[in-house]
Amino acid sequence: MTTLAAGLFFAMAACAGAECVGTDLFDAMTPQQRAEIDAAVETVPYARGLLWRASKGDQSMTLVGTYHFGDPRHDAMLARLEPVIADAAVVFVEAGPAEEKRLTDALSADPTLMVDQAGPTLPERLDDRDWNQLSRAMAERGTPAVITSKLRPWYVAMMLGISPCMMERMADDSARGLDHRLVDRAEALDVPVRALEPWDTVFTLFRDLTPEQEIEMVRAALPAAAHADDYAVTLTDAYFAGDVWAIWEFGRFDAYRNSGLAREQIDAQMELAQERLMDTRNKSWIGPLTRGARDAAAQGKGIVAGFGALHLPGEQGVLRLLERDGWRIERLDG
């Protein structure tokens with residue numbers, strides 16, 4: 001799951017989940033390869049950890065980095081968070097039930113949100129080798145070539161980042177990611193749930209990409225699509241180990257070795273993905289989070305916020321942005 005696909009896998013919400021059988025590719029790395037990733041991670045603020053507290057005066061937030069796919073290992077985190085949720089004034093997630101319903105309704109009413117009915121098809125935009133590889137990979141994910149040919153490139157890149165074993169269980173409500181399980185617990189405890197961003201955010205992230213950038217997203221995701229089960233296991237295990245930014249750097253260094261693209265191209269894609277998928281969204285979330293914490297403090301309570309784990313680290317990550325705003329940051333799972 002190279003470059004953009006790795007980011008899409010963890011930074012965008014999804015409803016799928018499955019227990020995939022594959023190899024943890026971190027274990028297969030040479031010591032030098034792992035050292036390169038570790039060195040890149042060491043320079044990143046808040047690179048490790050899933051559960052955090054931010055406090056400012058009498059205001060308090062409990063922040064949890066989520067994984068959007070189902071896994072039994074979520075049970076421990078949910079059990080730890082339950083008393084915090086029960087005492088919270090509100091639980092924030094990327095998209096709540098109302099936003100998800102609006103998204104579902106919009107997709108049913110307007111298929112052009114994911115399908116480009118007017119422009120050139122993907123087989124017209126790709127060479128024969130790439131199109132054949134893409135159509136096979138998408139067929140493994142349940143989408144025939146005739147439909148794939150008209151899908152928007154950003155959506156295709158996202159789908160390539162999801163392994164077939166996950167796709168097989170997309171309709172299984174028992175395989176729900178931590179985001180959905182947080183919402184379920186909040187609703188059961190009669191705690192309000194609020195969204196951090198509008199329902200149509202996913203459609204705005206890549207709206208102004210050039211045609212060349214769109215196709216490069218797809219090409220960058222193709223090399224690893226056939227090994228997506230291994231990638232799923234690798235990145236999932238890193239998540240549950242709390243090695244959050246290692247997930248991102250794994251995608252970068254794997255692309256250096258296997259994508260066939262120059263390092264400059266890969267770095268440009270990584271920068272684009274980070275800006276679109278994480279940095280811009282992180283900045284937009286600080287207002288709702290701080291206002292929510294202020295209002296909760298007036299009730300003698302705090303807030304809980306759960307969102308994709310890759311939004312936590314980095315100079316433009318949620319934790320650093322809060323720190324710059326005067327919040328004290330404390331890791332709770334270290």
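Two strands are said to pair if DSSP finds at least two bridges between them. In the predicted model described here, strand 2 and strand 5 meet this criterion with six bridges and run in the parallel sense. Within this pairing, leucine 63 has alanine 305 of strand 5 as its bridge partner.

The pairing belongs to an open sheet of six strands, arranged in the order 4-3-5-2-1-6 with mixed pairing. Strand 4 (193-195) and strand 6 (328-331) each have a single partner strand and stand at the edges, so one side of each lacks a neighbour in the sheet. From one strand to the next, the twist averages 25°.

Strand 1 and strand 2 are antiparallel and are joined by six bridges, with leucine 51 opposite valine 64 of strand 2. The two strands form a hairpin in which two residues lie between them, and glycine 57 in the turn has a positive phi of about 60°. Strand 1 (residues 51-56) also runs antiparallel to strand 6, to which four bridges join it; here alanine 54 stands opposite isoleucine 329. Strand 2 is largely enclosed by the rest of the structure, because seven of its eight residues are buried. Helix 15 (residues 263-297) lies across strand 2 (59-66), strand 3 (88-93) and strand 5 (302-308), and runs at about 135° to strand 2.

Helix 3 was examined next. The 13 residues of this helix (residues 74-86) should span 18 Å at 1.5 Å a residue, which agrees with the 18 Å between its end C-alpha atoms. A bend of about 35° occurs at arginine 80, and proline 83 follows within four residues. His74, Met77, Leu78, Leu81 and Ile85 are the buried residues of helix 3. The elements covering these buried residues include strand 1, strand 2, strand 3 and strand 5, together with helix 10 (178-188) and helix 13 (228-240).

The largest nonpolar core contains 78 residues, of which Ile37, Ile85, Leu134, Val156, Leu160 and Trp245 touch the most other members. Helix 14 (residues 244-258) supplies the largest share of this core, nine residues. Another core, of 24 residues, lies apart from it and has Met61, Leu63, Ala305 and Leu312 among its members. With neighbours within four places in sequence left aside, isoleucine 85 is in contact with Val91, Leu182, Arg185, Ala186, Leu189, Val191 and Val304.

Definitions and conventions. Residues are numbered from 1 along each chain as its sequence is written. This is a predicted model: local features need pLDDT of at least 70, side-chain atom pairs count only at pLDDT 80 or more; totals for chains, interfaces and linings use all residues. Side-chain values use heavy atoms; hydrogens and water are left out. Axes are lines fitted to C-alpha atoms, for helices over the stretch in contact, and angles run from 0 to 180 degrees between N-to-C directions. Contact means heavy atoms within 4.5 Å. The expected span of a helix is 1.5 Å times one less than its number of residues. The bend at a residue is the angle between axes fitted to the seven residues ending there and the seven starting there. Buried means under 20% relative accessible area, exposed over 50%, partly exposed in between (1.4 Å probe, protein chains only). A nonpolar core is a set of buried Ala, Val, Leu, Ile, Met, Phe, Trp, Tyr and Cys residues joined through side-chain atoms within 4.5 Å.
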